[in-house]
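Work through these exercises with the structure open beside you. Try each task before you read its solution.

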Amino acid sequence: MNCPRKKRKTLNPLAKARAVCYNIFMNQTTEIRDILDRLNEEQIKPVLTTEGPVLVLAGAGSGKTRVLTSRIAYLIAEKDVPPEAILAITFTNKAANEMKERIGQIVDARGMWVCTIHSMCVRILRMYAAEAGLTQNFSIYSETERANIIKKSFQECDFDDEKLLKNVKWHIANAKMLGLSPAEYAEENAKEREIDDVTKVYARYQAHLRENNALDFDDLLNEARQLLKRNEEARGYLGGRFRYILVDEFQDTNAVQFEIVKLLASVHGNLFVVGDDDQSIYGWRGAKIENILHFEKAFPGAKTFKLERNYRSTKSILKLANTVIHFNGNRKDKTLWTENGDGEKPQVFEAEEESGEARYIAHTIAGLIARGYKYSDFAVLMRINALTRSFEQEFTSDGISYKVFGGFKFFERKEIKDMLAYLRLINNPFDSEAAVRIINVPKRGIGAKTVEALENYAYETELSVYDALLDADELGLSSGTKQKLKDFAAQIKGWIVDSQELPVNELVRSIVEGTGMRAAYADDSDESINKRANIDEFINSVDEYCRLNQGATLTDYLNQVTLSSDTDDMDESNYVTLATVHSVKGLEFKCVFLCGMEDGIMPTSRADNDEDELEEERRLMYVAITRARERLYLTRSKSRYLYGKREPTMRSRFLKELSSELELPKEARLRPNFGYSEDGYFSDDDPEAYGNSAFGGGRYAAKNSSYGGGYGGASYGSSYGDRQNSAPKRSAWNGGGYGGSSYGSSYGNGGGSSSSSARTAAQKSTGAFTYGGVGSGAAKPKAGGKDLSAFKIGVKVSHPKFGAGTIVGVRGAGANMILDIAFSGLGIKQLSASLAPLTVQNA
C-alpha cells in the first residue's frame, strides 16, 4: 500500500481514507491488500466497518457486489471469522452463484451460507422439520400447484362463483404476504365482504398443504419466521451461529422477510444491508420501501454509507436517470456520478404502430452489429411482456437471434410440470396434488370419476392419494380399473425405491421411458414437436444439474428447480434479450431499448390516481435507464394493438418529465385532412393513419409527392384493411419516415431542411437513412454487403423458418427494400431484404 507520509494537506479524499487505514493495511496479506486497494473512497469505509448495524445505499452500477464480496473476504482473511459464521442473503439464485464464485476466488469460504432468502428458509425448515410440524422431504408448491389446491378447497366448501374464487385467491396471497393465519386475517378484515367465505377456503387450503406435507412459497417464509419466533433453541442456535449477516437488495424485502432477518441478527447484532431505495420495484408483491428508508429507526446506532459513483453508464445516461428519479419525494437523497465519458445522447423514436417500432429497433441493431456490436450487447425492455409479440415476429423474420425472459417460464410449461409432478410424488408420497396431476398423464385409462372416488376414499380414511392407491381393492370400482390403479401405484413405488440409488438424471430418463411421455406427443403437429423438444431440453437441464452438483439428491434438485427464476437461465450466448424491466434488475447491457413509452403502459394505468404507485413506476423507469452502459433508446407507438383492440396512445409522462434532457419528436397536430397535417404528421388518434393512402402519402412524404403516393397508395391500403378492426399487421414503410426536423440530424439524412417535401426530395436523391443514429449512407443495390439485385417479382426464395416462397412485390431500395413474399400455407409476409435470412432459389 503506497500511502503518502508527507504533505498530508494535499491528500485527496481517497488517499485520506487509505491513510486512516494505514496500520490495518500493513499487517494484511497481499491478496487482501490488493482487494482493498481496488475499492474507492466510498466503498472502503463500509467494508472496514464490521461491527454493528450498517446500511449501504448503493446506487445503480456503483459496485455493491464488490463491496459485499470484499467485506466477506476481509472478515474471513483478516478478522479470522469462520466461513460458517457468515450468512449472505441475495435476491436471486444467479446473484448467489456469482457471489460464491467471486468469494471463492479470494478466500476459502466453504461452509458459508450464500443463498436467497427462500433457499435459506428451506434449509432452516429441513433442519428443524419436526419442530415446524413437517417431515424433511416436504414438497414446495409453485403458483400453479397453489392455484390448483385453492380451487379444490373452494369446491370442497361448496362454492362455485368464479368471481368469489378470484377474490379468495387474492385474499389468501395477501394474508400470506402479511404473515397472517386464517383466524388472524379474519379478525383484521372483519368488515370485508365475504371474509368468512374467504377464510373458510383459506383454512381448508392450509389443511390440504399439511395433509400433502407441502408448503407454498409464502409458507417457506412464514413457517421459518414462526419457528424463529417461538423456538428459542432454533433462534439461539442460528442467531448464534451467524455472527455476521449480509443482505443484498434490501429495498425489496417485505415485512415477513425483514422480521426473519431481524430475528437472526438478534444475537450478535452485526447486520450489514445493501440496497437502493430508488430501485424498490416490487411493492406489488409486498416489498416495503420503508424497510430501507427507516433502517436507522429499526436499528438505533446504525452507520449509513452512500455509494454514488457509477462505473457502468455514460454521463448522458446518468443525467437522464438522475433527472427522472428526482421527481420522486419518498427517497433518500443521492445523485449518481461517473468518470466515464459523455457518450451517445439517449434517443427517442415514435412509430405509428408497434410493427414500425419493432422494425426501427431491428434496423438499429443491424446497423450497430455492422459496427462491431454483438447480439448479446442488446436488450429490448418493456413494462409488460404482452409487448414481445411484434419484436419476436420482426426478429424471427430478420434472422436476429433472441430470447424472451419475464414471460412464460420453461418450468411452467405443462409437459415440464408433469415431469416435475412425477419427481415430487416420488420424493414425497404424501403429495396428493402431484399424484392427482399425473395419475392419467400420459393417458392410462383412469378417468375423472375414478380419481374422484380415490380422493374421497383418501379424505375419509385420512390417507394420501398414493396410500389410497395401495388400497385399490377397497374401492368400489371395476376389476379393470382397480388393476390400472395398482399398475400406476407399482410404477411409482418402483421409482421411489430407485430414487434412493439412481442419480437424478438417470431417474428422469427412467420415468420418460417408463411412462411413454415422448410417445404421448408422437404426431408431427407443431405443438407435439415443441413438447418433445421441451422434454429433451428438460433431460438436458437435469444432466447439466447433475454434472455441476455431483452427489445431489432428488430433494436437492427439486429445491433448485422450484426456487429458480427465468433470469437464472441467462447465459453468455449471443442473443438479443427481450425482457420485462423487472426481470433484468441487476443486469446491464451495452445498448438498451425501452419500448412502449406510453401512458397506461409505462407508467401503468394503476398509477393514474395513486402517488405511491406512480413513484414505484418512476423507480422502474430509473431501473430501466440504468441498465444501459453506452446507448439508450426510448420508443413508443402512436397506436397499439393490445388486449384485443387497437387504440391510440399518449406519450408517457416520463418522457415529458425528461423533455429538458431529450429531443422529443414534434407533437402531432390534429387535422381532419386524410389523417395528416400540412407538415406531413399524423394525428395521434387518426383511425386512417395505417393501411391507406395517408400512411405513405402523409407521414413519410410531401403531401402531393408521387414518391409517397407510389409507396403507400390506395391499393396498399385496401390490402391491409381497416387497422381498427384487425389484429396488427407488419407494416412496410419508407425509410425516410425516420428523418426530418422532428428528430434532428441524428435521425434524418443530415440535412437541415424543415419541410417534409424538402426531406423527401433529399432522401429520394441520396437514399440516406439513419436508424437510431446509425446511418446507412446513400442507397445502393447492396446493403451491408448483401446483394439485393436478385430480389425481383417472381423470384423464388427460401427462409429458414417460413420455408419456400415467391416474391410478389418489391418496394423501396437499398437498406429500405421491403419484399412481399408469398409462403406456402402462411400467406404473404413483408420482409426486409437487407436483414431477412433469404436465399434466392433461382435468378
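The model is predicted, so local features need pLDDT of at least 70 and side-chain atom pairs count only at pLDDT 80 or more, while totals for chains, interfaces and linings use all residues. Residues are numbered from 1 along each chain as its sequence is written, and side-chain values use heavy atoms, with hydrogens and water left out.

**Exercise 1. The whole chain**

Task: Find how many helices and strands the chain has, and what share of its residues is buried.

Solution: 
- Step 1. Count the elements: there are 33 helices and 25 strands. Helices (H or I, at least four residues) and strands (E, at least two) are DSSP runs, numbered from the N terminus.
- Step 2. Turn to burial. Buried means under 20% relative accessible area, exposed over 50%, and partly exposed in between (1.4 Å probe, protein chains only). Of the 843 residues, 55% count as buried.

**Exercise 2. A helix pair**

Task: Describe how α20 and α25 pack.

Solution: 
- Step 1. Locate α20 at residues 414-427 and α25 at residues 504-515. Their axes lie 11 Å apart, at an angle of about 115 degrees.
- Step 2. Name the arrangement: α20 is roughly perpendicular to α25. Angles under 35 degrees count as roughly parallel, over 145 as roughly antiparallel, 65 to 115 as roughly perpendicular and the rest as oblique.
- Step 3. List the contact (heavy atoms within 4.5 Å). From α20 come M419, Y422, L423 and I426; from α25 come L507, V508, I511, V512 and T515.
- Step 4. Sort these residues: eight are nonpolar, one is polar and none is charged.

**Exercise 3. One lysine**

Task: Is K796 buried, partly exposed or exposed?

Solution: 
- Step 1. Read its relative accessibility: at 44%, K796 is partly exposed.
- Step 2. Check V840, 44 residues away along the chain: its C-alpha atom is 6.1 Å from that of K796.

Key
Axes are lines fitted to C-alpha atoms, for helices over the stretch in contact, and angles run from 0 to 180 degrees between N-to-C directions. Ala, Val, Leu, Ile, Met, Phe, Trp, Tyr, Cys and Pro count as nonpolar, Asp, Glu, Lys and Arg as charged, and the others, Gly among them, as polar.
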